[in-house]
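Here is a short briefing to read alongside the structure. Please have the side chains on display as you go through the points.

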Amino acid sequence: QVQLVESGGGLVQAGGSLRLSCAASGSAFSINALGWYRQAPGKQRELVATITRGGSPNYADSVKGRFTISRDNAKRTVYLQMNSLKAEDTAVYYCNMGWVISGSYHSYDYWGQGTQVTVSS
């Protein structure tokens with residue numbers, strides 16, 4: 001059983017930065033890909049960033065150049081460094097475990113409780 005616990009959200013002004021963390025339980029962390037999703041009010045959950053078990057990142061166009069995903073397998077933690085935040089980045093952010101095939105990320109049904117990020121303009 002995998003448990004994911006996100007932290008690091010908060011209220012920040014536009015242009016500011018936040019670093020999200022997601023700590024995972026279980027021994028499967030290092031062999032799986034990881035992803036960060038977000039869901040804004042009234043919108044569908046969208047994939048923001050992923051990282052393969054080998055450490056290769058991929059980003060949605062909307063965050064490319066501003067967000068950085070990283071992982072520490074020893075700590076079983078995945079991070080999302082968010083810089084130059086915009087009001088449209090406001091959402092609940094969730095981390096997820098999954099796998100990558102042919103460059104596409106696929107989610108296991110393991111989700112944390114999410115962490116709220118609010119960017120004031």
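Predicted model: local features only at pLDDT ≥ 70, side-chain atom pairs only at ≥ 80, totals over all residues.

The largest nonpolar core has 29 residues.

**Salt bridges**

- Arginine 38 pairs with glutamate 46 in a salt bridge whose closest N and O atoms are 2.7 Å apart.
- Buried or exposed? Arginine 38 is buried, with a relative accessible area of 6%, while glutamate 46 counts as partly exposed at 32% relative accessibility.
- Arginine 38 also forms a salt bridge with aspartate 89, and here the closest N and O atoms are 2.9 Å apart.
- Aspartate 89 lies in the loop between strand S8 (77-82) and strand S9 (91-101), and arginine 38 in strand S4 (residues 33-39), so this pair ties together parts that are 51 residues apart in sequence.
- Aspartate 89 is buried, with a relative accessible area of 1%.
- Aspartate 89 meets the side chain of arginine 66 in a further salt bridge, at 2.7 Å from N to O.
- Because arginine 66 lies in the loop between strand S6 (57-59) and strand S7 (67-72), and aspartate 89 in the loop between S8 and S9, their pair ties together parts that are 23 residues apart in sequence.
- Both arginine 66 and aspartate 89 are buried.

**Nonpolar core**

- Which residues have the most contacts inside the largest core? They are Trp36, Phe67, Ile69, Val78, Leu80, Met82 and Tyr93.
- Two or more residues of this core come from each of strand S3 (18-24), S4, strand S5 (46-51), S7, S8, S9 and strand S11 (115-120).
- As background, nonpolar side chains in soluble globular proteins tend to be buried together.
- Leaving aside residues up to four places away in sequence, tyrosine 93 touches a set of residues including Trp36, Phe67, Leu80 and Met82, as well as Arg38.

**Positive phi angles**

- Most residues other than glycine have a negative phi.
- Serine 84 is not a glycine, yet has a positive phi of about 50 degrees.
- Serine 84 sits in the loop between S8 and S9 and is partly exposed, with a relative accessible area of 41%.
- Serine 102 likewise has a positive phi of about 50 degrees without being a glycine.
- Serine 102 is placed in the loop between S9 and strand S10 (104-111), and is exposed at a relative accessible area of 77%.

Notes:
Residues numbered from 1 in each chain as written. Heavy atoms only, no water. Salt bridge = Lys/Arg side-chain N within 4 Å of Asp/Glu carboxyl O. Buried < 20%, exposed > 50% of the residue type's maximum accessible area, 1.4 Å probe, protein only. Helix = DSSP H or I, 4+ residues; strand = E, 2+ residues; numbered from the N terminus. Core = buried A, V, L, I, M, F, W, Y, C linked by side-chain atoms within 4.5 Å. Contact = heavy atoms within 4.5 Å.
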